[in-house]
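Keep the model open as you read.

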Amino acid sequence: MRFSYYRRPLFLLLALYAGCLFMLRGRLTRPPAELPFRPPRASVPVEGRVAEYPAAVPGGARFELETSYVYGRPLRTSLMVRAPAGAASYGDTVAFMAEIRAPRGSDVPGGLDWGAYLGRRGIEAEASADDIEVLRPPGAAVRTARAFRARALKAFDAALGPEAGGVMGGVVMGEKRGVTPELKDAFRDSGAMHLLVASGSNVGFVVAVVYFLCSRLRLGRRASGAAALAVSGFYVAAAGMDTPLVRAYLMFAAGLAAWVLRRESGGFHALTAAALLILVLSPRALFDAGFQMSFLAAYGLCVGMSAWRPYLPEGRARAAAELFSVSFFAQLCLYPVLAVYFHRISLVSLLSNMVLVPASGAAMALGFLLAASYGFSPVFVPLGKVSALFFGLFLKAVRFFAALPWASVNVPEPSALGAAGAFLAALAVLHAPLAGLRRPWAYLAAAAGLALVLAGPLRKAAAPGEYRARLFGDANTACVMAETPGGMYIVNPGVN
(Lines give C-alpha, C1' and ligand atoms only; values in the text may rest on other atoms or scores of the structure.)
Protein backbone atom coordinates (compact mmCIF):
# COMPACT_ATOMS: atom_id res chain seq x y z
CA MET A 1 0.00 0.00 0.00
CA ARG A 2 1.33 3.41 -1.03
CA PHE A 3 -0.09 6.94 -1.09
CA SER A 4 0.21 6.84 -4.87
CA TYR A 5 -2.72 4.39 -4.94
CA TYR A 6 -5.01 7.32 -4.21
CA ARG A 7 -3.84 9.09 -7.38
CA ARG A 8 -4.64 6.22 -9.71
CA PRO A 9 -7.38 6.82 -12.30
CA LEU A 10 -9.70 4.10 -11.01
CA PHE A 11 -9.75 5.47 -7.45
CA LEU A 12 -10.11 9.06 -8.67
CA LEU A 13 -13.03 7.97 -10.84
CA LEU A 14 -14.66 6.26 -7.86
CA ALA A 15 -14.20 9.34 -5.67
CA LEU A 16 -15.62 11.66 -8.35
CA TYR A 17 -18.58 9.39 -9.04
CA ALA A 18 -19.38 8.92 -5.35
CA GLY A 19 -19.16 12.68 -4.85
CA CYS A 20 -21.66 13.25 -7.65
CA LEU A 21 -24.01 10.67 -6.13
CA PHE A 22 -23.75 12.41 -2.78
CA MET A 23 -24.63 15.74 -4.35
CA LEU A 24 -27.68 14.10 -5.95
CA ARG A 25 -28.68 12.19 -2.82
CA GLY A 26 -32.02 13.99 -2.59
CA ARG A 27 -33.13 12.42 -5.84
CA LEU A 28 -31.45 9.05 -5.39
CA THR A 29 -33.03 8.34 -2.01
CA ARG A 30 -36.53 8.86 -3.38
CA PRO A 31 -38.53 5.86 -4.61
CA PRO A 32 -37.83 5.06 -8.28
CA ALA A 33 -41.42 5.72 -9.35
CA GLU A 34 -44.52 6.99 -7.64
CA LEU A 35 -47.61 4.84 -7.36
CA PRO A 36 -50.57 6.05 -9.43
CA PHE A 37 -52.58 6.59 -6.23
CA ARG A 38 -52.10 7.69 -2.67
CA PRO A 39 -51.94 4.86 -0.07
CA PRO A 40 -53.75 3.25 1.61
CA ARG A 41 -55.52 1.30 -1.10
CA ALA A 42 -57.02 -2.20 -1.00
CA SER A 43 -57.46 -4.83 -3.74
CA VAL A 44 -54.64 -3.59 -5.96
CA PRO A 45 -53.49 -6.10 -8.63
CA VAL A 46 -49.68 -6.28 -8.55
CA GLU A 47 -47.18 -8.27 -10.59
CA GLY A 48 -43.43 -8.36 -10.11
CA ARG A 49 -40.28 -10.26 -9.20
CA VAL A 50 -39.20 -11.28 -5.70
CA ALA A 51 -35.85 -9.51 -5.24
CA GLU A 52 -34.57 -11.28 -2.10
CA TYR A 53 -34.99 -14.39 -0.03
CA PRO A 54 -38.07 -13.87 2.19
CA ALA A 55 -37.30 -13.06 5.82
CA ALA A 56 -39.39 -14.72 8.52
CA VAL A 57 -41.61 -12.34 10.50
CA PRO A 58 -44.41 -13.10 12.97
CA GLY A 59 -47.29 -14.61 11.03
CA GLY A 60 -45.54 -15.00 7.69
CA ALA A 61 -42.64 -13.69 5.62
CA ARG A 62 -41.47 -10.36 4.23
CA PHE A 63 -39.58 -9.60 1.02
CA GLU A 64 -38.82 -6.84 -1.45
CA LEU A 65 -40.74 -6.97 -4.72
CA GLU A 66 -39.62 -5.26 -7.91
CA THR A 67 -42.92 -4.50 -9.61
CA SER A 68 -43.52 -4.79 -13.35
CA TYR A 69 -47.28 -4.08 -13.41
CA VAL A 70 -49.67 -2.29 -11.06
CA TYR A 71 -53.36 -2.18 -12.00
CA GLY A 72 -52.35 -3.92 -15.23
CA ARG A 73 -50.16 -1.00 -16.30
CA PRO A 74 -46.35 -1.11 -16.54
CA LEU A 75 -44.74 0.42 -13.45
CA ARG A 76 -41.17 -0.06 -12.23
CA THR A 77 -40.98 0.53 -8.49
CA SER A 78 -40.36 -1.48 -5.32
CA LEU A 79 -42.69 -2.66 -2.57
CA MET A 80 -42.02 -4.34 0.77
CA VAL A 81 -44.45 -7.26 0.73
CA ARG A 82 -45.76 -9.28 3.65
CA ALA A 83 -47.19 -12.68 2.69
CA PRO A 84 -47.72 -16.19 4.06
CA ALA A 85 -44.53 -18.14 4.69
CA GLY A 86 -43.45 -20.24 1.72
CA ALA A 87 -45.70 -18.45 -0.77
CA ALA A 88 -42.78 -17.37 -2.97
CA SER A 89 -39.00 -17.30 -3.01
CA TYR A 90 -36.12 -15.39 -4.51
CA GLY A 91 -36.40 -14.90 -8.27
CA ASP A 92 -40.06 -15.87 -8.63
CA THR A 93 -42.33 -13.72 -10.80
CA VAL A 94 -45.57 -13.43 -8.85
CA ALA A 95 -49.02 -11.85 -9.03
CA PHE A 96 -51.44 -11.06 -6.20
CA MET A 97 -54.11 -8.71 -4.92
CA ALA A 98 -52.43 -6.38 -2.49
CA GLU A 99 -53.41 -4.07 0.29
CA ILE A 100 -50.98 -1.18 -0.06
CA ARG A 101 -50.18 1.29 2.70
CA ALA A 102 -47.57 3.91 3.46
CA PRO A 103 -44.69 2.70 5.69
CA ARG A 104 -44.93 3.68 9.32
CA GLY A 105 -42.49 6.07 10.88
CA SER A 106 -40.75 5.71 14.22
CA ASP A 107 -42.70 3.88 16.93
CA VAL A 108 -40.94 5.81 19.71
CA PRO A 109 -39.03 9.08 19.67
CA GLY A 110 -35.54 8.41 18.40
CA GLY A 111 -36.38 4.89 17.25
CA LEU A 112 -36.07 3.35 13.80
CA ASP A 113 -37.96 5.31 11.17
CA TRP A 114 -39.13 2.39 9.05
CA GLY A 115 -40.48 4.63 6.31
CA ALA A 116 -37.20 6.52 5.98
CA TYR A 117 -35.26 3.25 5.95
CA LEU A 118 -37.38 1.87 3.11
CA GLY A 119 -37.11 5.18 1.27
CA ARG A 120 -33.31 4.96 1.30
CA ARG A 121 -33.64 1.53 -0.31
CA GLY A 122 -35.91 2.96 -3.00
CA ILE A 123 -39.03 1.19 -1.71
CA GLU A 124 -42.24 3.05 -2.37
CA ALA A 125 -44.72 1.46 0.04
CA GLU A 126 -45.65 -1.67 1.99
CA ALA A 127 -48.06 -4.31 0.71
CA SER A 128 -49.72 -7.36 2.20
CA ALA A 129 -51.24 -10.33 0.42
CA ASP A 130 -53.11 -13.44 1.58
CA ASP A 131 -52.68 -15.43 -1.63
CA ILE A 132 -49.76 -15.25 -4.09
CA GLU A 133 -49.64 -16.89 -7.50
CA VAL A 134 -46.21 -17.79 -8.88
CA LEU A 135 -46.34 -16.96 -12.59
CA ARG A 136 -42.80 -17.98 -13.50
CA PRO A 137 -39.94 -19.47 -11.51
CA PRO A 138 -36.40 -18.18 -12.08
CA GLY A 139 -33.81 -19.84 -14.29
CA ALA A 140 -32.21 -23.18 -13.58
CA ALA A 141 -29.13 -21.69 -11.88
CA VAL A 142 -31.17 -19.72 -9.33
CA ARG A 143 -33.51 -22.68 -8.72
CA THR A 144 -30.50 -24.89 -8.03
CA ALA A 145 -29.07 -22.30 -5.63
CA ARG A 146 -32.43 -22.06 -3.85
CA ALA A 147 -32.57 -25.84 -3.52
CA PHE A 148 -29.06 -25.95 -2.05
CA ARG A 149 -30.00 -23.22 0.44
CA ALA A 150 -33.10 -25.12 1.55
CA ARG A 151 -31.13 -28.38 1.84
CA ALA A 152 -28.42 -26.70 3.93
CA LEU A 153 -30.91 -25.12 6.36
CA LYS A 154 -32.73 -28.45 6.81
CA ALA A 155 -29.42 -30.18 7.48
CA PHE A 156 -28.46 -27.61 10.13
CA ASP A 157 -31.79 -27.95 11.96
CA ALA A 158 -31.68 -31.76 11.80
CA ALA A 159 -28.13 -31.98 13.13
CA LEU A 160 -28.08 -29.20 15.71
CA GLY A 161 -31.62 -28.38 16.75
CA PRO A 162 -33.39 -25.04 16.42
CA GLU A 163 -31.03 -22.78 18.41
CA ALA A 164 -27.61 -23.91 17.18
CA GLY A 165 -29.06 -24.75 13.75
CA GLY A 166 -30.38 -21.20 13.44
CA VAL A 167 -26.95 -19.80 14.29
CA MET A 168 -25.25 -22.05 11.74
CA GLY A 169 -27.84 -20.92 9.19
CA GLY A 170 -26.84 -17.33 9.90
CA VAL A 171 -23.10 -17.99 9.81
CA VAL A 172 -23.14 -20.09 6.62
CA MET A 173 -26.14 -18.81 4.65
CA GLY A 174 -27.04 -15.48 6.28
CA GLU A 175 -30.45 -16.85 7.35
CA LYS A 176 -31.28 -15.60 10.87
CA ARG A 177 -34.90 -16.76 11.15
CA GLY A 178 -34.03 -19.47 13.69
CA VAL A 179 -32.01 -17.17 15.98
CA THR A 180 -33.90 -16.16 19.10
CA PRO A 181 -34.05 -12.48 20.18
CA GLU A 182 -32.05 -13.34 23.30
CA LEU A 183 -29.28 -14.85 21.21
CA LYS A 184 -29.31 -11.95 18.76
CA ASP A 185 -28.80 -9.60 21.71
CA ALA A 186 -25.85 -11.73 22.85
CA PHE A 187 -24.25 -11.55 19.40
CA ARG A 188 -24.84 -7.80 19.28
CA ASP A 189 -23.39 -7.12 22.73
CA SER A 190 -20.37 -9.32 22.06
CA GLY A 191 -19.64 -7.42 18.83
CA ALA A 192 -20.20 -10.55 16.72
CA MET A 193 -23.52 -9.69 15.07
CA HIS A 194 -21.73 -9.56 11.72
CA LEU A 195 -21.16 -13.31 11.99
CA LEU A 196 -24.90 -13.90 11.55
CA VAL A 197 -24.72 -12.28 8.12
CA ALA A 198 -23.09 -14.08 5.22
CA SER A 199 -20.08 -11.89 4.48
CA GLY A 200 -16.98 -11.55 2.36
CA SER A 201 -15.03 -14.04 4.47
CA ASN A 202 -17.54 -16.71 3.43
CA VAL A 203 -16.86 -16.01 -0.23
CA GLY A 204 -13.12 -16.07 0.42
CA PHE A 205 -13.49 -19.44 2.15
CA VAL A 206 -15.29 -20.91 -0.88
CA VAL A 207 -12.79 -19.44 -3.34
CA ALA A 208 -9.80 -20.71 -1.35
CA VAL A 209 -11.18 -24.24 -0.90
CA VAL A 210 -12.23 -24.65 -4.54
CA TYR A 211 -8.96 -23.23 -5.88
CA PHE A 212 -6.93 -25.46 -3.57
CA LEU A 213 -8.84 -28.58 -4.64
CA CYS A 214 -8.48 -27.70 -8.32
CA SER A 215 -4.76 -27.10 -7.93
CA ARG A 216 -4.37 -30.48 -6.21
CA LEU A 217 -6.06 -32.02 -9.25
CA ARG A 218 -3.35 -30.34 -11.35
CA LEU A 219 -5.72 -28.09 -13.20
CA GLY A 220 -4.17 -25.00 -14.73
CA ARG A 221 -4.28 -21.56 -13.21
CA ARG A 222 -7.07 -20.34 -15.49
CA ALA A 223 -9.21 -23.44 -15.00
CA SER A 224 -8.78 -23.28 -11.23
CA GLY A 225 -9.67 -19.58 -11.15
CA ALA A 226 -12.73 -20.12 -13.34
CA ALA A 227 -13.92 -23.00 -11.15
CA ALA A 228 -13.42 -20.95 -7.98
CA LEU A 229 -15.42 -18.04 -9.40
CA ALA A 230 -18.19 -20.34 -10.68
CA VAL A 231 -18.66 -22.14 -7.35
CA SER A 232 -18.39 -18.95 -5.28
CA GLY A 233 -20.91 -17.27 -7.59
CA PHE A 234 -23.29 -20.17 -6.98
CA TYR A 235 -22.77 -19.71 -3.23
CA VAL A 236 -23.46 -15.96 -3.45
CA ALA A 237 -26.77 -16.70 -5.20
CA ALA A 238 -27.66 -19.30 -2.55
CA ALA A 239 -26.78 -16.97 0.32
CA GLY A 240 -28.85 -14.06 -0.95
CA MET A 241 -26.82 -11.64 -3.09
CA ASP A 242 -26.30 -9.29 -0.13
CA THR A 243 -23.88 -6.36 -0.48
CA PRO A 244 -20.97 -7.95 1.49
CA LEU A 245 -21.21 -11.08 -0.66
CA VAL A 246 -21.37 -9.20 -3.95
CA ARG A 247 -18.51 -6.93 -2.87
CA ALA A 248 -16.31 -9.87 -1.96
CA TYR A 249 -17.19 -11.78 -5.12
CA LEU A 250 -16.33 -8.82 -7.34
CA MET A 251 -13.08 -8.30 -5.42
CA PHE A 252 -12.01 -11.91 -5.90
CA ALA A 253 -13.11 -11.80 -9.54
CA ALA A 254 -10.99 -8.70 -10.15
CA GLY A 255 -8.01 -10.16 -8.29
CA LEU A 256 -8.16 -13.53 -10.04
CA ALA A 257 -8.61 -11.89 -13.44
CA ALA A 258 -5.55 -9.70 -12.86
CA TRP A 259 -3.51 -12.69 -11.68
CA VAL A 260 -4.53 -14.85 -14.63
CA LEU A 261 -3.70 -12.02 -17.05
CA ARG A 262 -0.41 -11.39 -15.20
CA ARG A 263 -1.38 -7.82 -14.36
CA GLU A 264 -0.69 -6.03 -11.10
CA SER A 265 -3.28 -7.06 -8.55
CA GLY A 266 -3.95 -6.10 -4.96
CA GLY A 267 -6.72 -5.82 -2.42
CA PHE A 268 -6.99 -2.05 -2.69
CA HIS A 269 -7.42 -2.08 -6.46
CA ALA A 270 -9.92 -4.94 -6.31
CA LEU A 271 -11.90 -3.14 -3.59
CA THR A 272 -11.98 0.05 -5.69
CA ALA A 273 -13.18 -1.82 -8.77
CA ALA A 274 -15.87 -3.67 -6.79
CA ALA A 275 -17.19 -0.47 -5.22
CA LEU A 276 -17.31 1.34 -8.55
CA LEU A 277 -19.12 -1.51 -10.30
CA ILE A 278 -21.75 -1.84 -7.55
CA LEU A 279 -22.42 1.91 -7.54
CA VAL A 280 -22.73 1.99 -11.33
CA LEU A 281 -25.30 -0.81 -11.22
CA SER A 282 -27.08 0.48 -8.08
CA PRO A 283 -26.32 4.13 -7.24
CA ARG A 284 -28.62 4.02 -4.19
CA ALA A 285 -26.26 1.52 -2.55
CA LEU A 286 -24.02 4.43 -1.51
CA PHE A 287 -26.63 5.43 1.10
CA ASP A 288 -27.24 1.90 2.38
CA ALA A 289 -25.78 1.02 5.78
CA GLY A 290 -24.85 -2.48 4.61
CA PHE A 291 -22.84 -1.16 1.67
CA GLN A 292 -21.08 1.44 3.82
CA MET A 293 -20.18 -0.99 6.59
CA SER A 294 -19.03 -3.71 4.20
CA PHE A 295 -16.66 -1.48 2.27
CA LEU A 296 -15.39 0.44 5.30
CA ALA A 297 -14.50 -2.82 7.05
CA ALA A 298 -12.77 -4.15 3.93
CA TYR A 299 -10.99 -0.81 3.39
CA GLY A 300 -9.70 -0.68 6.97
CA LEU A 301 -8.51 -4.28 6.79
CA CYS A 302 -6.86 -3.82 3.39
CA VAL A 303 -5.03 -0.58 4.19
CA GLY A 304 -4.28 -1.26 7.85
CA MET A 305 -2.80 -4.73 7.41
CA SER A 306 -0.78 -3.65 4.38
CA ALA A 307 0.70 -0.64 6.17
CA TRP A 308 1.23 -2.12 9.63
CA ARG A 309 2.25 -5.74 8.84
CA PRO A 310 6.02 -4.91 8.81
CA TYR A 311 5.69 -3.59 12.37
CA LEU A 312 4.08 -6.70 13.83
CA PRO A 313 6.28 -8.74 16.20
CA GLU A 314 8.04 -11.85 15.00
CA GLY A 315 8.06 -15.27 16.56
CA ARG A 316 5.31 -16.81 18.65
CA ALA A 317 3.58 -13.49 19.31
CA ARG A 318 2.99 -12.80 15.61
CA ALA A 319 -0.11 -14.99 15.26
CA ALA A 320 -1.84 -13.27 18.19
CA ALA A 321 -0.75 -9.86 16.90
CA GLU A 322 -2.19 -10.60 13.46
CA LEU A 323 -5.50 -11.76 14.95
CA PHE A 324 -5.76 -8.57 17.00
CA SER A 325 -4.76 -6.41 14.03
CA VAL A 326 -7.36 -7.98 11.76
CA SER A 327 -10.07 -7.39 14.37
CA PHE A 328 -8.90 -3.83 15.05
CA PHE A 329 -8.51 -2.62 11.47
CA ALA A 330 -11.76 -4.25 10.30
CA GLN A 331 -13.68 -2.28 12.94
CA LEU A 332 -11.71 0.96 13.12
CA CYS A 333 -13.78 2.80 10.51
CA LEU A 334 -17.05 1.21 11.62
CA TYR A 335 -17.43 2.86 15.02
CA PRO A 336 -18.83 6.19 13.73
CA VAL A 337 -21.16 4.32 11.36
CA LEU A 338 -22.44 2.14 14.21
CA ALA A 339 -23.07 5.26 16.26
CA VAL A 340 -24.98 6.93 13.43
CA TYR A 341 -27.20 3.99 12.48
CA PHE A 342 -27.51 1.87 15.61
CA HIS A 343 -26.52 4.16 18.54
CA ARG A 344 -24.74 1.23 20.17
CA ILE A 345 -21.09 0.11 20.21
CA SER A 346 -19.54 -3.07 21.55
CA LEU A 347 -16.51 -2.45 23.76
CA VAL A 348 -15.40 -6.09 23.78
CA SER A 349 -15.54 -6.62 20.01
CA LEU A 350 -11.77 -6.37 19.56
CA LEU A 351 -11.25 -9.22 22.00
CA SER A 352 -14.28 -11.32 21.08
CA ASN A 353 -13.58 -11.28 17.36
CA MET A 354 -10.09 -12.66 17.93
CA VAL A 355 -11.83 -15.83 19.12
CA LEU A 356 -15.16 -15.87 17.28
CA VAL A 357 -14.02 -14.93 13.77
CA PRO A 358 -11.56 -17.85 13.42
CA ALA A 359 -14.21 -20.12 14.94
CA SER A 360 -16.69 -18.98 12.29
CA GLY A 361 -14.31 -20.35 9.65
CA ALA A 362 -14.54 -23.77 11.26
CA ALA A 363 -18.33 -23.35 11.37
CA MET A 364 -18.32 -22.67 7.63
CA ALA A 365 -16.44 -25.92 6.96
CA LEU A 366 -18.79 -27.92 9.20
CA GLY A 367 -21.81 -26.31 7.57
CA PHE A 368 -20.80 -27.26 4.04
CA LEU A 369 -19.94 -30.79 5.14
CA LEU A 370 -23.34 -31.16 6.84
CA ALA A 371 -25.16 -29.89 3.74
CA ALA A 372 -23.19 -32.25 1.48
CA SER A 373 -23.73 -35.33 3.69
CA TYR A 374 -27.41 -34.67 4.51
CA GLY A 375 -29.33 -37.90 3.88
CA PHE A 376 -26.27 -40.14 4.20
CA SER A 377 -26.49 -41.22 7.85
CA PRO A 378 -23.09 -42.93 8.25
CA VAL A 379 -21.41 -39.55 7.70
CA PHE A 380 -24.13 -37.09 8.68
CA VAL A 381 -24.83 -38.47 12.18
CA PRO A 382 -21.26 -38.42 13.57
CA LEU A 383 -20.58 -35.12 11.82
CA GLY A 384 -23.71 -33.72 13.44
CA LYS A 385 -22.47 -34.74 16.89
CA VAL A 386 -19.13 -33.03 16.29
CA SER A 387 -20.92 -29.91 15.03
CA ALA A 388 -23.26 -29.88 18.04
CA LEU A 389 -20.30 -30.02 20.43
CA PHE A 390 -18.52 -27.26 18.51
CA PHE A 391 -21.56 -24.96 18.44
CA GLY A 392 -22.23 -25.55 22.12
CA LEU A 393 -18.78 -24.12 22.87
CA PHE A 394 -19.23 -21.38 20.26
CA LEU A 395 -22.48 -20.14 21.82
CA LYS A 396 -20.97 -20.29 25.31
CA ALA A 397 -18.17 -18.03 24.09
CA VAL A 398 -20.68 -15.57 22.58
CA ARG A 399 -22.67 -15.41 25.82
CA PHE A 400 -19.47 -15.07 27.87
CA PHE A 401 -18.30 -12.01 25.96
CA ALA A 402 -21.81 -10.52 25.95
CA ALA A 403 -22.05 -10.89 29.75
CA LEU A 404 -18.83 -9.01 30.48
CA PRO A 405 -19.32 -5.67 32.28
CA TRP A 406 -19.77 -2.81 29.80
CA ALA A 407 -19.69 -5.26 26.89
CA SER A 408 -21.68 -2.77 24.85
CA VAL A 409 -22.91 0.75 25.48
CA ASN A 410 -25.54 3.04 24.02
CA VAL A 411 -24.09 6.15 22.40
CA PRO A 412 -25.73 9.33 21.09
CA GLU A 413 -25.88 9.98 17.40
CA PRO A 414 -22.78 12.01 16.49
CA SER A 415 -22.95 15.26 14.61
CA ALA A 416 -21.52 15.47 11.11
CA LEU A 417 -18.45 17.19 12.58
CA GLY A 418 -18.06 14.51 15.24
CA ALA A 419 -18.34 11.69 12.68
CA ALA A 420 -15.81 13.46 10.43
CA GLY A 421 -13.42 13.69 13.38
CA ALA A 422 -13.75 9.96 14.05
CA PHE A 423 -12.95 9.16 10.42
CA LEU A 424 -10.00 11.57 10.45
CA ALA A 425 -8.54 9.84 13.50
CA ALA A 426 -9.10 6.42 11.92
CA LEU A 427 -7.41 7.45 8.66
CA ALA A 428 -4.46 8.86 10.58
CA VAL A 429 -3.97 5.55 12.38
CA LEU A 430 -4.32 3.51 9.18
CA HIS A 431 -1.78 5.55 7.19
CA ALA A 432 0.76 6.46 9.87
CA PRO A 433 3.40 3.90 8.75
CA LEU A 434 3.25 5.10 5.14
CA ALA A 435 4.85 8.43 6.05
CA GLY A 436 7.02 7.12 8.88
CA LEU A 437 6.05 6.74 12.50
CA ARG A 438 8.52 9.41 13.62
CA ARG A 439 6.84 12.17 11.64
CA PRO A 440 4.35 14.24 13.64
CA TRP A 441 1.61 14.69 11.03
CA ALA A 442 -0.19 11.42 11.80
CA TYR A 443 -0.23 12.16 15.52
CA LEU A 444 -1.51 15.67 14.91
CA ALA A 445 -4.22 14.40 12.57
CA ALA A 446 -5.33 11.76 15.07
CA ALA A 447 -5.38 14.33 17.87
CA ALA A 448 -7.38 16.75 15.72
CA GLY A 449 -9.88 13.99 14.90
CA LEU A 450 -10.32 13.07 18.54
CA ALA A 451 -10.75 16.74 19.43
CA LEU A 452 -13.56 17.01 16.87
CA VAL A 453 -15.20 13.91 18.32
CA LEU A 454 -15.09 15.35 21.82
CA ALA A 455 -15.99 18.94 20.90
CA GLY A 456 -17.87 18.32 17.63
CA PRO A 457 -20.45 18.72 19.29
CA LEU A 458 -20.55 15.02 20.11
CA ARG A 459 -24.28 14.76 19.72
CA LYS A 460 -26.32 15.78 16.74
CA ALA A 461 -28.48 18.71 17.74
CA ALA A 462 -32.24 18.27 17.62
CA ALA A 463 -34.06 20.38 15.06
CA PRO A 464 -36.97 22.55 16.25
CA GLY A 465 -39.81 20.28 17.24
CA GLU A 466 -37.66 17.15 16.74
CA TYR A 467 -37.28 14.44 19.36
CA ARG A 468 -34.00 12.80 20.34
CA ALA A 469 -34.05 9.76 22.56
CA ARG A 470 -31.68 7.43 24.32
CA LEU A 471 -32.24 4.08 25.98
CA PHE A 472 -31.10 3.42 29.51
CA GLY A 473 -31.64 0.80 32.19
CA ASP A 474 -31.09 -2.93 32.14
CA ALA A 475 -32.79 -5.56 30.00
CA ASN A 476 -35.79 -5.77 32.33
CA THR A 477 -36.30 -2.09 33.12
CA ALA A 478 -35.62 -0.37 29.83
CA CYS A 479 -36.67 3.27 29.62
CA VAL A 480 -36.42 5.91 26.91
CA MET A 481 -35.33 9.43 27.80
CA ALA A 482 -36.64 11.75 25.09
CA GLU A 483 -35.08 15.16 24.61
CA THR A 484 -37.22 17.92 23.14
CA PRO A 485 -36.57 21.63 22.62
CA GLY A 486 -38.60 22.21 25.79
CA GLY A 487 -36.84 19.78 28.08
CA MET A 488 -36.58 16.08 28.97
CA TYR A 489 -39.18 13.48 29.77
CA ILE A 490 -39.37 9.70 30.11
CA VAL A 491 -41.21 7.62 27.53
CA ASN A 492 -42.49 4.10 28.23
CA PRO A 493 -40.83 3.63 31.64
CA GLY A 494 -40.29 0.02 32.62
CA VAL A 495 -41.04 -1.41 29.18
CA ASN A 496 -38.80 -4.30 28.15
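D189 is buried, with a relative accessible area of 13%. This is a predicted model. The side chain of D189 meets that of R188 in a salt bridge, 3.1 Å from N to O. R188 is partly exposed, at a relative accessible area of 37%. Salt bridges with shared partners join D185, R188, D189 and R344 into one network.

How many salt bridges does a search of the whole structure find? It finds 10. Another of them pairs E163 with R399, whose closest N and O atoms are 2.9 Å apart. E163 sits in helix α4 and R399 in helix α14, so this bridge ties together parts that are 236 residues apart in sequence. E163 is partly exposed, with a relative accessible area of 33%. R399 is partly exposed too, at 30%.

The side chains of E66 and R49 meet at 3.4 Å, N to O. E66 belongs to strand β3 (residues 60–70) and R49 to strand β1 (residues 41–50). The two residues are 17 apart, and the pair links distant parts of the chain. E66 is partly exposed, at 36% relative accessible area. R49 is partly exposed as well, at 31%.

The largest nonpolar core has 56 residues. Within this core, V167, F187, Y235 and F394 touch the most other members. Which elements give two or more residues to the core? They are α4 (140–173), α5 (181–189), α6 (200–216), α7 (221–239), α8 (243–260), α13 (349–373) and α14 (377–403). Helix α4 gives the most, with 13 residues.

Look at Y235 in particular. Leaving aside residues up to four places away in sequence, Y235 touches V172, M173, A198, N202, V203, V206, L245, M364 and F368.

Finish at the surface. F22, M23 and L24 form a nonpolar patch there. Together they have about 340 Å² of accessible area. M23 is found in helix α1 (residues 9–23). Is M23 buried or exposed? M23 is exposed, because its relative accessible area is 66%, over the 50% cut-off.

Technical notes. Residues numbered from 1 in each chain as written. Predicted model: local features only at pLDDT ≥ 70, side-chain atom pairs only at ≥ 80, totals over all residues. Heavy atoms only, no water. Patch = residues over 30% accessible without salt bridge, like charges linked within 9 Å, V, L, I, M, F, W, Y side chains within 5 Å. Areas by Shrake-Rupley, 256 points an atom, 1.4 Å probe, with all protein chains shown as cover. Salt bridge = Lys/Arg side-chain N within 4 Å of Asp/Glu carboxyl O. Helix = DSSP H or I, 4+ residues; strand = E, 2+ residues; numbered from the N terminus. Buried < 20%, exposed > 50% of the residue type's maximum accessible area, 1.4 Å probe, protein only. Core = buried A, V, L, I, M, F, W, Y, C linked by side-chain atoms within 4.5 Å. Contact = heavy atoms within 4.5 Å.
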